[in-house]
Structures are given as structure tokens and as C-alpha cells.
Amino acid sequence: MASVAGNESANGSSGSKEAERLPIEPLRLPTAEEIRGQDIWNNCAVRSVVSGVTGGGLGLFMGMFLGALDNPLMQEEMTGRQQFIYTAKQMGRRSWSSAKAFAVMGLVFSAAECVVEKARAKHDVTNTVVAGCVTGGVISAKGGPQAACAGCAGFAAFSVLIEKFLDRHD
């Protein structure tokens, strides 16, 4: 009899665990607005422009931060006002330069990744490698073919490291 009572208490505790589980919700189909939003975001031009603008904004803030860290060479000979003006000009120059560089980097990388992904019809690390290579090559193309090849290899490797760190692909 004791074993029958033990089984009932065990069954009672398993029943309470089932009651604690969350109910299963039915699948919800996306609305027309959600589908339209996904279609817009899947457009390579839209994705590239958004990435370029976002990269430009990031570069702007990074340039302001790094420009503020620049110290004038003749710091002892400058008044406080001159130091302030010098620092403000440096921040402006740095932020504009960084904004342009990051905007180009974001635009080219996003465009290359999107085009390769659409052409291959796969979403994997190979897209990132190709996009990184294209981006590195474009950014360093002014330095000649050797610089473009080095930029391609370096940016592709960096892109793979970031991809592995973020673990976006299985």
C-alpha cells in the first residue's frame, strides 16, 4: 500500500509540472506590412545604403572621439582658446575622414555580401569571405595591385574572424 501511495504522489508531481509548462501557441502568419518590410530590406540597394549611412555615423563618432585625443605639438605655447580651436578643428577633420571611410566600407561590404548571397542562394561564411575580399580590395586599390591583394586577404580574414565571433552561421 505504501508503494501505491508513493506512485500517486509521483504522478501528482508530474501532473503539476505539465500544468506549469507554457501553452503551445499556434504559428502566426506574417502580416502584409511585415512581408512588405522584408521585401524592402531584402533589396540589395536599400541594404547597402542603410549600411553606408550607419557606417558613416559610426565613423563620425569615432573620428570625434579620436580627434579629441590629439594633442597639439606646441601645447605649452598655446592659450586655452587656441587649444580648444585646434582640438575642435582636429575633431572635425577626423570625424569627416572617418565617416567617409566607414561609409564606403559599410556600403561596399553590404552590397558585395548581398549580391553574392543572392547569386549563390545561400547564407553562409563564403559570402562573408567574398564580401570581405571585395571590400578590402576596393579600399586599398589606390595603392596598386599588391596593396589590393593584401587588402583583400586581410579584410576577408578579418571578416571571417568577426563572423566566427558573432556566430551568425551554423
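Reader: Which residues does Asn 127 touch, not counting residues up to four places away in sequence?

Author: In this predicted model, Asn 127 touches Glu 113, Val 116, Glu 117, Arg 120 and Lys 122. Asn 127 itself belongs to helix 5.

Reader: Why is Asn 127 called buried?

Author: The relative accessible area of Asn 127 is 1%. Buried means under 20%, and Asn 127 is therefore classed as buried.

Reader: What makes the pair formed by the backbone oxygen of Lys 122 and the side chain of Asn 127 a polar contact?

Author: The backbone oxygen of Lys 122 lies 2.7 Å from a polar atom of the Asn 127 side chain. The cut-off for such a pair of N or O atoms is within 3.5 Å, so the distance meets it.

Reader: Where does Ala 121 lie, and is it buried or exposed?

Author: Ala 121 is found in the loop between helix 4 (80–120) and helix 5 (125–139).

Reader: Why does Leu 69 count as exposed?

Author: Leu 69, in helix 3 (residues 44–69), has 51% relative accessibility. Exposed means over 50%, so Leu 69 counts as exposed.

Reader: Which residues make the nonpolar surface patch that includes Leu 69?

Author: Leu 58, Met 62, Phe 65, Leu 66 and Leu 69 make this patch of about 470 Å².

Terms used
Residues are numbered from 1 along each chain as its sequence is written. This is a predicted model: local features need pLDDT of at least 70, side-chain atom pairs count only at pLDDT 80 or more; totals for chains, interfaces and linings use all residues. Side-chain values use heavy atoms; hydrogens and water are left out. Patches are made of residues with over 30% relative accessible area and no salt bridge: like charges are joined within 9 Å, nonpolar side chains (Val, Leu, Ile, Met, Phe, Trp, Tyr) within 5 Å. Accessible areas come from the Shrake-Rupley method with a 1.4 Å probe; for residues, only the protein chains shown count as cover. A salt bridge is a side-chain nitrogen of Lys or Arg within 4 Å of a carboxyl oxygen of Asp or Glu. Helices (H or I, at least four residues) and strands (E, at least two) are DSSP runs, numbered from the N terminus. Buried means under 20% relative accessible area, exposed over 50%, partly exposed in between (1.4 Å probe, protein chains only). A polar contact is a pair of N or O atoms within 3.5 Å; within protein, one must be able to donate a hydrogen and the other to accept it, and residues adjacent in sequence count only if both atoms are side-chain atoms. Contact means heavy atoms within 4.5 Å.
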